[in-house]
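Please keep the sequence and the model in view while reading.

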Amino acid sequence: MKLFKYILPAIFALVFISCSDDDDNTPINEVQDLIQVQEISNDTHTIELYTKSGTTVQGYNNITIRIKDKASLEYIENAMITWTPVMHMATMSHSCPTSELLKVEGKQTIYDGFIIFQMAENESEGWDLTFNYTINGISYEAVGDVAVPASSKKTVSSFMGSDNVKYILALIEPQKPEVKINDMVVGLYKMESMMSYPVIENFKINLDPRMPSMGNHSSPNNEDLVYDSISEMYKGKLSLTMTGYWKLNLILRNQNDEILKGEAVTDEVESSSLFLELEF
Ligand SMILES: [Cu+2]
């Protein structure tokens with residue numbers, strides 16, 4: 001009897017160890033905190049798109065992808081990928097600002113980046129997304145339509161500066177505004193051509209948040225947005241003293257401090273012609 005007392009647990013332990021070895025072969029899930037938006041496929045692969053909300057919208061979108069091999073059902077760990085969003089409009093096509101699409105540090109199967117859709121789709125005009133990627137020296141392409149519904153608040157502004165350059169400015173943070181001094185992040189890009197939207201460096205953006213429904217009051221301790229070369233974005237502080245609708249009035253200045261777009265808010269001027277909006 002004593003023998004069983006020790007041998008049985010030993011056998012169970014061995015079985016357990018060999019089972020847990022098998023677990024190493026089950027695919028790793030690196031998208032637990034994300035929701036799948038859609039899949040874009042070709043003959044060999046399925047590209048899965050994920051965001052926090054499970055949707056894509058007009059404005060800034062942080063997108064995570066992984067590529068599944070249709071034959072082996074395994075996720076690709078060594079792809080080099082580029083992506084090109086294109087809006088097909090009645091008279092022309094154009095792209096939008098994007099980051100690179102790079103492997104997430106410390107992860108095996110996921111790649112991420114952002115796309116700033118500056119225009120929403122409508123009944124006859126919309127966006128598609130092309131992935132060009134290489135795996136072990138072989139090139140592939142996959143294309144699919146992407147839904148870009150209009151956002152209810154202005155989260156991206158596309159405008160002509162006084163220098164006759166077309167700019168795109170997008171709200172990146174806060175994604176979840178709170179009653180506090182929020183970190184604010186904005187992306188600023190130049191529309192160089194229909195397909196090229198380089199980052200604009202070293203400009204300055206004055207920030208004046210107001211609540212139009214409450215006498216157009218402002219808030220204390222805001223900080224203007226200045227260029228951060230590491231993130232290639234503009235960073236500042238946005239003070240929100242209560243919940244509700246806020247208009248973020250902005251003035252864009254170039255390196256010589258010349259105003260390219262926007263006006264200061266005064267008793268006579270209720271808002272700037274350059275602004276973003278949020279409500280929470
Ligand atoms: Cu368009």
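This is a predicted model: local features need pLDDT of at least 70, side-chain atom pairs count only at pLDDT 80 or more; totals for chains, interfaces and linings use all residues.

The strands concerned are β4, covering residues 80–88, and β5; they run antiparallel and are joined by two bridges. Both belong to an open sheet of four strands with antiparallel pairing, ordered β5-β4-β8-β9. Because β5 (93–94) and β9 (138–146) each have a single partner strand, they stand at the edges, and one side of each is left without a neighbour in the sheet.

At the level of the whole chain, the domain assignment gives domain 1 as 35–146 and domain 2 as 156–279. Their centres, taken over C-alpha atoms, are separated by 28 Å. Domain 1 contributes 11 residues to the contact, and domain 2 contributes 11 residues. On the domain 1 side, β3 (59–69) and β5 each supply at least two of the residues that touch domain 2. By class, this side of domain 1 has five nonpolar and six polar residues, with no charged residues.

The largest nonpolar core comprises 58 residues, of which Ile 116, Phe 131, Ile 168, Ala 170, Val 186 and Leu 250 touch the most other members. Strand β11 (residues 166–173) gives the most to this core, namely six residues. The core lies between domain 1 (35–146) and domain 2 (156–279), because both give residues to it.

Technical notes:
Residues are numbered from 1 along each chain as its sequence is written. Two strands pair if DSSP finds at least two bridges between them. Domain bounds come from an automatic or database domain assignment. Two residues are in contact if their C-beta atoms, placed from the backbone, lie within 7 Å. Ala, Val, Leu, Ile, Met, Phe, Trp, Tyr, Cys and Pro count as nonpolar, Asp, Glu, Lys and Arg as charged, and the others, Gly among them, as polar. A nonpolar core is a set of buried Ala, Val, Leu, Ile, Met, Phe, Trp, Tyr and Cys residues joined through C-beta atoms within 7 Å. A residue is buried if 20 or more other C-beta atoms lie within 10 Å of its own, exposed if 12 or fewer, and partly exposed in between; C-beta atoms are placed from the backbone.
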